[in-house]
Amino acid sequence: MEQLAIMGGKPVREKKIFYGRQCVDETDVEAVKEVLLSDYITCGPAVKKLEKDLADYTGAKYAVAVSNGTAALHCACIAAGLKEGDEVITTPMTFAASANCALYVGATPVFADINPETYNIDPKSIREHITPKTKAVVAVDFTGQCVEQEEIRAICDEFNLIFIEDAAHAIGSAYNGKKVGSLADMTCFSFHPVKTITCGEGGAITTNDAELYHKLYLAHTHGIEKDEAYLEEPSEGVWYYEQVSLGYNYRLTDFQAAMLSNQLKKLDGFKARRQEIVKRYDEAFRNVPGIIVQKEIEESDTCRHLYIIRLDFEKLSCTRREFFDAMSAENVQCQVHYIPVYFFPHYKRLGYERGLCPNAEEIYKGIMSIPLYPSLTDADVEDTIHAVKKVAGYYLK
Ligand SMILES: *Cc1c(COP(=O)(O)O)cnc(C)c1O
């Protein structure tokens, strides 16, 4: 057996690789440069073009570009009309923003449990958590794999709930042939560097509903109305506008928008490479004792954002921390996605207790995300596989 690097053995790799990394090339730099030297660096034509590109790509009627994915979720909650006393059902197996957005508007996040094999929110658990106060569902396409659209749509229709999809992981994925972004009432994207396409910080919301689009638009730019058709008072001239609701400044700049339009052109290529790596990992890990791989949802054509291995403690003698630290010493830097949201002190102080979602809590104990991004070389992928097998082999009971 190979000696682990953490115990003084030779590491699998010389150079550390991380679990995620942006893919930026000269064409992105050129796109940014062109806008920086143009007349508008914000509120100009590149944002409008990006919104059209996103609508075209996803098949949604409308898109609003915003400053980040959290702003996208906040705008969606505003457009949904959520307020104090309303309940919003979401998953604890996500980044905190999926639940925080409900808190921003005074509503109450309610955590439904996940499916223990796919790790996505379980439609059955959504149903069990519905009360007369429930107004919306924020469903997360975890790791890029689509949530069960049809079941969730049916539940939302039955109980008159707004279906918000947190697709921060899922741009490029499709469900039964339909692209994410065209399916829920509103779909929120993030373009942070760890996500599939990026412009630094960035986000967007897509919708097919004209009224929601109008509300999203107002929410992201101070609630300011310039369209004459919507003015409440007579116009006083070309300078005239009205603030008709309370909005924010969640606008994206034009140079970021230009970069993102350029990234979007490369998305299908990124997706193909991500799928190739996922296939290789799946093959390699399917029969490794002590490692459990995420189950695929058949209807989802997934552009995978994260690759998660789950440690099976019936077969391994180590803790997750020991496994994680051993991987770091092999120079494969992993990450954990995610700590259940209601474990955080802020949520604890709001009265959330452990035990709410037993599946999520159990899954959390053993999960770890390994490197996945398009610019990984085949050798990087094989090193990662080697490191996982080496560490798992060492700790096998
Ligand atoms: C990244 C992420 C967000 C937040 O996006 P930002 O652009 O970082 O604000 C929201 N939800 C999920 C599931 C995410 O992964």
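The model is a predicted one, and its protein chain has a secondary structure of twelve helices and 15 strands. With a radius of gyration of 22 Å, close to the 21 Å that the globule rule gives for 397 residues, the protein chain is as compact as a globular protein of that length. Taken along the principal axes, the box that the C-alpha atoms fill is roughly 80 × 55 × 40 Å. Among the 397 residues, 58% count as buried, and of the contacts with a separation of 6 or more, 73% are between residues 24 or more positions apart. The accessible surface of the protein chain amounts to about 17,600 Å², with 52% of it belonging to carbon and sulfur atoms. As for charge, the protein chain carries 43 positive and 58 negative charges, whose mean positions lie 6 Å apart.

Helix α6, which spans residues 149-159, shows how burial can be arranged around a helix axis. Its buried residues are Gln149, Ile152, Ile155 and Cys156, and because they cover an arc of only 135° around the axis, they are on the same side of α6. The cover over these buried residues includes helix α5 (123-128) together with the strands β4 (134-140), β5 (162-166) and β6 (174-175). On the other side of α6, by contrast, Glu150, Asp157 and Glu158 are exposed. After the helix comes Asn160, which has a positive phi, near 60°.

Once its neighbours within four places in sequence are left aside, the contacts of Asp28 are with Cys23, Met259, Asn262, Gln263 and Lys266.

His386, in turn, is part of helix α12 (residues 378-395). Its relative accessibility of 33% lies between the 20% and 50% cut-offs, so His386 counts as partly exposed. Not counting residues up to four places away in sequence, His386 touches Glu2 and Val12. Between His386 and Glu330 the C-alpha to C-alpha distance is 9.6 Å, while in sequence the two are 56 residues apart.

Definitions and conventions. Residues are numbered from 1 along each chain as its sequence is written. This is a predicted model: local features need pLDDT of at least 70, side-chain atom pairs count only at pLDDT 80 or more; totals for chains, interfaces and linings use all residues. Side-chain values use heavy atoms; hydrogens and water are left out. Helices (H or I, at least four residues) and strands (E, at least two) are DSSP runs, numbered from the N terminus. The radius of gyration is taken over C-alpha atoms; the globule rule is 2.2 Å times the number of residues to the power 0.38. Buried means under 20% relative accessible area, exposed over 50%, partly exposed in between (1.4 Å probe, protein chains only). Contact means heavy atoms within 4.5 Å. Accessible areas come from the Shrake-Rupley method with a 1.4 Å probe; for residues, only the protein chains shown count as cover. Lys and Arg count as positive and Asp and Glu as negative; His and the chain ends are not counted. The place of a charge is taken as NZ of Lys, CZ of Arg, CG of Asp or CD of Glu. The arc is that of the directions from the helix axis to the C-beta atoms.
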